[in-house]
Amino acid sequence: ICPANSFIASAWSIIDTGAKPVFCDVENDLLLSVETVDKCKNKRTKAVMAVHLTGKLCDNERLRDYCNEHDLLFIEDASQAIGAKNSMGQSAGSFGVASSFSMHPIKNLGLYGDGGVITTNSQELAIQMKILRNHGLINRDECITWGFNSRLDELQAAYALIKLKYIDEWNKKYIAIATKYNENLSNKIIKPEIKKNSIDVFHNYIVRVPIDIRDKMISLLLSKGIETKIHYPIPLHLQKCSSNLGYKIGDLRNAENFAKSMISIPIYHTLRSSEIDYIIASVNEISNLLF
Ligand SMILES: *Cc1c(COP(=O)(O)O)cnc(C)c1O
């Protein structure tokens, strides 16, 4: 089970194992919950994948307890959440049996090419994954299983080691920008909650506006030089590649409504203060014009 509002990789990684993805709906914070997962669970459910979308942690403790109770594996797609922590200081990627982080160039810890990290507390899984990523080889000549090539490129690894020193500092800037947006953007807009005790790293800053003016708002922002994106415009269950999974429009209401009402406002750690002010003024001006 994984949320319908995510990047496609959350789903194909499930397909890749030979399993069938079952998409669940998301709550107003854009994340899955025990409740939305429970609606999709059946006898054949094997695992639950929490996606910490926008760098905001899912309710990992409850989800993990739920998974333990029902004998399901709990996995985290923490691709967007490097550095995120709950109120007890526990990090994204420390809850699941295995968790993935992306270091794609657009991520908070982005490299200059592809890269990623998997964390696990299982010694057995760690060994198995190291073998799989290197063609299934246990040494230069002996192959014990069919694997693939997914080694982290040396150059990217070197960049990552340098960037790791700065990620907490950069994340603080993401949070400061999100806080400034929350304080200054018009209250007509539905803004993300910023929790006091936990650290959400705001890989994206997603607001929601009325469906009928959303696209107009995007084009007006663009005409002012402000590029926005939608994360994500097509929910996973309505992607063409999902057509054999048996979903139809209307199956996952929140995910579908959010796909039509979300806008991701620019956020990155090098965004200048004057640019932030300009974005706030522009968003507010356009909101007043449109709704
Ligand atoms: C970026 C991202 C991925 C994929 O990461 P890659 O580094 O491109 O493999 C998977 N899931 C989510 C939620 C992402 O944002």
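Tutor: Happy to! Let's begin with the pair itself: helix H6 passes helix H9 in a right-handed crossing. Keep in mind as you look that this is a predicted model. Two packed helices are described by the angle between their axes and the distance between the axes. Here, H6 covers residues 167-184 and H9 covers residues 273-290; their axes come within 10 Å and cross at roughly 30°. From H6, look for Ile177, Lys180, Tyr181 and Asn184, which meet Ser273, Ile276, Asp277, Ile279, Ile280 and Asn284 of H9. Sorted by class, the residues in this contact are 5 nonpolar, 3 polar and 2 charged.

Now move to the sheet. It is an open sheet of 4 strands with mixed pairing, and the order is S3-S4-S5-S6. At its edges are S3 (47-51) and S6 (116-119), each of which pairs on one side only. From one strand to the next, the twist averages 15°. Strands of a sheet pair through backbone hydrogen bonds, either parallel or antiparallel. Inside this sheet, S4 (residues 73-77) and S5 (residues 98-102) run parallel and are joined by 3 bridges. You can find aspartate 77 standing opposite serine 100, which belongs to S5. Another helix belongs in this picture: H3, residues 60-69, lies across S3 and S4 and runs at about 150° to S4.

Most residues other than glycine have a negative phi, and most peptide bonds are trans. Leucine 30 has a positive phi, near 75°, and sits in the loop between strand S2 (23-24) and helix H2 (34-38). The peptide bond from histidine 231 to tyrosine 232 is cis, with omega near 10°. You will find tyrosine 232 in the loop between helix H7 (211-223) and helix H8 (253-261).

Notes. Residues numbered from 1 in each chain as written. Predicted model: local features only at pLDDT ≥ 70, side-chain atom pairs only at ≥ 80, totals over all residues. Heavy atoms only, no water. Pairing = 2+ DSSP bridges. Helix = DSSP H or I, 4+ residues; strand = E, 2+ residues; numbered from the N terminus. Axes fitted to C-alpha atoms, helices over the stretch in contact; angles between N-to-C directions. Contact = heavy atoms within 4.5 Å. Left-handed = near helix turned anticlockwise from the far one by under 90°. Nonpolar A, V, L, I, M, F, W, Y, C, P; charged D, E, K, R; others polar.
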